[in-house]
Amino acid sequence: VVIVGVPHLGLDDLESGRMPILDRLRDRGAAAATNVRTLSTRPTTAEAYATLGAGVPVRAGVGVDQALPADAAFEGGTAADVLARRSGVRPTGELVVPATPEVVAGAGRHITSSPGTLGQALGDAGVTTAVVTNADTVAPDGTREAHRPAALAVVDHDGSVGTGTVAGDAFLVPDVDEPYGVRSDAYGLVDATTTALDRADLVLVDPGDTDRAWAYAARSTPEAAEQARRRALGRVDRYLAHLVPTLEPDTLLLVVGMTPPTREWELTPTVAYGSGVVPGSLHSTGTRRDGLITLTDLAPTVLDWFDVPTPDGMIGRSLRFRSDGLDAGSMQRLNDLARSREDVYYPMALTFIVVQALVYLVAALAFSQRATRGRRVG
């Protein structure tokens with residue numbers, strides 16, 4: 001299985017000419033609009049990947065998205081040393097996420113599954129995971145700041161990922177016209193992906209360019225930021241063009257819009273292509289609506305592909321295929337419906353909470369006054 005995560009990908013990007021290869025994969029494969037909600041009020045890439053790995057919506061704080069080679073120098077030792085003293089368990093993977101204990105602890109109260117559950121279930125079954133990603137940014141003084149949130153999707157409970165590539169030198173090249181002066185190279189990404197596929201059963205890829213464009217938007221005009229995002233999407237498309245011919249016939253490819261292109265919650269596209277895919281649309285029994293799936297459906301789908309039982313705490317359902325086609329217009333109508341519900345739901349919920357609070361306040365005042373009158377009579 002190869003999952004290509006594309007943060008900040010919107011439904012409007014389909015059939016727009018920005019990603020013709022993805023459009024072709026959708027036409028030959030299956031697609032759906034995807035609810036990518038996490039537990040936060042604003043979409044974040046780290047939370048999206050942590051949610052994918054948990055199989056339930058979770059939270060993820062700031063600064064928890066650093067994935068490193070296990071032997072990389074870090075905090076007075078190696079990254080593996082740091083993770084071992086934080087978790088009490090020596091990691092076994094070639095890559096580690098030192099903040100995993102923090103991610104698990106802060107994922108949310110009363111959640112039924114935690115970040116790392118997908119990676120743990122696969123590892124326990126002997127299925128090897130890998131991640132290929134680098135969304136690093138560069139500080140004004142030239143210091144590289146590591147951001148590799150995609151690893152949170154496939155990390156296990158101990159903070160390990162089997163193998164992969166997170167070093168930007170493998171597939172990043174200098175480009176003064178792009179955010180932070182770097183961009184991904186399609187050929188380098190394909191080489192890193194095929195190398196990972198030689199060693200792992202599940203490979204998650206995020207080139208990082210759309211996240212870099214998102215981070216750089218705060219320093220840009222809205223027009224320049226949108227142009228950078230679209231160029232980043234174009235590079236993802238070129239990567240897909242070079243990747244697909246290299247995949248073995250028994251490979252399932254999932255291209256997932258991990259977060260919406262705005263700061264508001266919107267549906268994003270998911271496209272499935274390759275082995276076992278029935279051309280048409282994706283379906284989830286959990287949503288009970290044709291052409292609508294959730295981010296939490298992806299972990300059960302991957303587990304089902306490898307014949308690994310889905311842990312009880314995951315709330316999603318393994319994706320199914322329908323031969324009925326689903327075009328961008330249909331997905332956009334689902335998005336409009338979702339947004340209209342969101343516009344109604346939160347004001348209604350807030351009104352309900354306020355009314356309930358007022359009712360309890362009035363009741364408390366009434367009981368207080370009655371008790372006071374009783375004491376006076378006595």
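The legends below describe close-up views of a predicted model.

Residues are numbered from 1 along each chain as its sequence is written, and side-chain values use heavy atoms, with hydrogens and water left out. As the model is predicted, local features need pLDDT of at least 70 and side-chain atom pairs count only at pLDDT 80 or more, while totals for chains, interfaces and linings use all residues.

**View 1. Confidence along the protein chain.** pLDDT is the predictor's confidence in each residue, from 0 to 100. Its mean over the protein chain is 90, and 88% of the residues reach 70 or more. Over residues 348-354 the pLDDT stays under 50, and the model has zero contacts there beyond four places in sequence. A contact means heavy atoms within 4.5 Å.

**View 2. Helix α5 and its surroundings.** Helices (H or I, at least four residues) and strands (E, at least two) are DSSP runs, numbered from the N terminus. Six of the eight residues of α5 are buried, so the helix is largely enclosed by the rest of the structure. Buried means under 20% relative accessible area, exposed over 50%, and partly exposed in between (1.4 Å probe, protein chains only). Thr117, Leu118, Gly119, Gln120, Ala121 and Leu122 are the buried residues; they pack against α2, β7 (129-133), β14 and α9. Glycine 126, with a positive phi near 85°, follows α5.

**View 3. The largest nonpolar core.** A nonpolar core is a set of buried Ala, Val, Leu, Ile, Met, Phe, Trp, Tyr and Cys residues joined through side-chain atoms within 4.5 Å. The largest has 53 residues, and Ile3, Leu118, Leu122, Val131 and Leu295 have the most contacts inside it. At least two residues each come from β2, α2 (45-54), α5 (117-124), β14 (202-206), β15 and α9 (298-305). The most, six residues, come from α2. Apart from this core lies another, of 39 residues, including Leu14, Val203, Leu233 and Met331.

**View 4. Strand β17 and its partners.** Two strands pair if DSSP finds at least two bridges between them. β17 (residues 280-283) pairs with β2 (residues 30-35) in the parallel sense over two bridges; here glycine 280 is the bridge partner of alanine 30. With β19 (residues 320-322), β17 pairs in the antiparallel sense over three bridges, and leucine 282 has phenylalanine 321 as its bridge partner.

**View 5. Threonine 251 in its loop.** This residue lies between α8 (222-243) and β15 (252-256). Threonine 251 counts as buried because its relative accessibility is 12%. Leaving aside neighbours within four places in sequence, threonine 251 is in contact with Val2, Tyr273, Gly274 and Ser275.
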